[in-house]
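Me: Please examine the structure shown below and work through a set of questions on its fold, its packing and its charged pairs.

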Amino acid sequence: MESEEDPVKKAQMVDVRARNISHNVRCTECGSQSIEDSQADVAILLRKLIRDEIRAGKSDKDIYKKLEEDFGETVLYAPRFDLQTAALWLSPFLVAGGAAGIWAYKKHRQRTNVHIMALNLVRGVPLTPKEKQTMLDLLTPPPSQGKRWWSR
C-alpha cells in the first residue's frame with residue numbers, strides 16, 4: 001500500500017513545487033500575468049518545462065536560474081538584489097526616511113517658531129494675528145470629554 005501512495009505523493013510534490021515556481025514567473029507573452037494564470041502557448045510550455053526540470057531533480061534555484069538565463073531577468077517577478085536593483089529595493093525605505101525627515105524638520109521649526117514668538121513677546125515685539133492665534137491654540141487646554149478615568 002505504501003508503494004502505491006509513493007508515486008501519488010511524488011506527483012503531488014512535483015505539482016506543488018511547479019505551481020509555486022510558476023506563480024513567481026512572468027508570462028513572456030502576456031507580461032502582466034504569471035505563467036500559472038496565463039493560458040498563452042508560451043506559458044503552457046514553460047509550465048511543462050518547469051515540471052520536467054523538477055522531475056529531473058533540479059532545485060528551485062536552478063530552475064529560476066535557467067529561466068533567467070533563457071528569458072532575461074524580467075521573467076522573474078522578484079528581481080535579484082544587486083547594485084543595479086538596489087535603488088528599486090531600497091526606494092520604499094528612502095521615501096519613508098525622507099517623509100520622516102520632513103515631518104521632524106517641520107515639527108522642529110514649529111517649536112522653534114513658538115520659542116521665537118515667546119521671546120519676541122517678552123521683548124515687547126507685537127505678535128501678528130496669525131502668531132497670536134498660534135499661541136492661543138498652543139496655550140488653550142483641550143475641552144474635557146466628560147468624566148475622567150480616575151473619577152469613575
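Me: Which pattern does the protein follow, read along the sequence?
Reply: The model is predicted, and the protein in it contains five helices and zero strands. Read along the sequence, the pattern is α-α-α-α-α.

Me: Which residues does Ile21 touch, not counting residues up to four places away in sequence?
Reply: Ile21 is among the residues with the most contacts inside the largest nonpolar core. Two others named in that group, Ile50 and Ile54, are also touched by Ile21.

Me: Is Arg51 buried or exposed?
Reply: Arg51 is placed in helix H2. Apart from residues up to four places away in sequence, Arg51 touches Val14, Asp15, Ala18 and Arg19. Its relative accessibility is 19%, and the cut-off for the buried class is under 20%; Arg51 therefore counts as buried.

Me: How many residues apart in sequence are the parts that the pair of Asp15 and Arg51 ties together?
Reply: Asp15 forms a salt bridge with Arg51, with the closest N and O atoms 2.6 Å apart. Because Asp15 lies in helix H1 and Arg51 in helix H2, the pair ties together parts of the chain whose separation in sequence is 36 residues.

Me: Where does the salt bridge of Asp60 and Arg17 link the chain, and how many residues apart are the two?
Reply: The side chains of Asp60 and Arg17 meet in a salt bridge at 2.7 Å, N to O. This pair links distant parts of the chain, Asp60 being in helix H3 and Arg17 in helix H1. Asp60 is partly exposed at a relative accessible area of 24%, and Arg17 is partly exposed at 26%.

Me: Which residues do salt bridges that share partners join into one network?
Reply: The count of salt bridges comes to eight. One of them is formed by Lys48 and Asp52 (3.1 Å, N to O), which both lie in helix H2, four residues apart, about one turn of the helix. Salt bridges that share partners join into one network the residues Asp15, Arg19, Glu36 and Arg51.

Me: How many Å apart in space are Ser59 and Arg17, C-alpha to C-alpha?
Reply: Ser59 is in the loop between helix H2 (41–55) and helix H3 (60–71). Ser59 is partly exposed, with a relative accessible area of 32%. Ser59 and Arg17 are 42 residues apart in sequence, and their C-alpha atoms are separated in space by 9.7 Å.

Me: How many Å apart are the end C-alpha atoms of residues 86–105?
Reply: The unreviewed UniProt entry places the feature "transmembrane region" at residues 86–105. Over these residues the chain is 100% helix and 0% strand, and the distance between the end C-alpha atoms is 27 Å.

Me: Which residues make the nonpolar surface patch of about 690 Å²?
Reply: Leu90, found in helix H4 (residues 86–123), is partly exposed with a relative accessible area of 38%. Leu90 is one of the residues of this patch. The patch is made by Phe81, Leu88, Trp89, Leu90, Phe93 and Leu94.

Terms used
Residues numbered from 1 in each chain as written. Predicted model: local features only at pLDDT ≥ 70, side-chain atom pairs only at ≥ 80, totals over all residues. Heavy atoms only, no water. Buried < 20%, exposed > 50% of the residue type's maximum accessible area, 1.4 Å probe, protein only. UniProt positions renumbered as here; feature names shortened; annotations may be inferred. Contact = heavy atoms within 4.5 Å. Core = buried A, V, L, I, M, F, W, Y, C linked by side-chain atoms within 4.5 Å. Patch = residues over 30% accessible without salt bridge, like charges linked within 9 Å, V, L, I, M, F, W, Y side chains within 5 Å. Areas by Shrake-Rupley, 256 points an atom, 1.4 Å probe, with all protein chains shown as cover. Salt bridge = Lys/Arg side-chain N within 4 Å of Asp/Glu carboxyl O.
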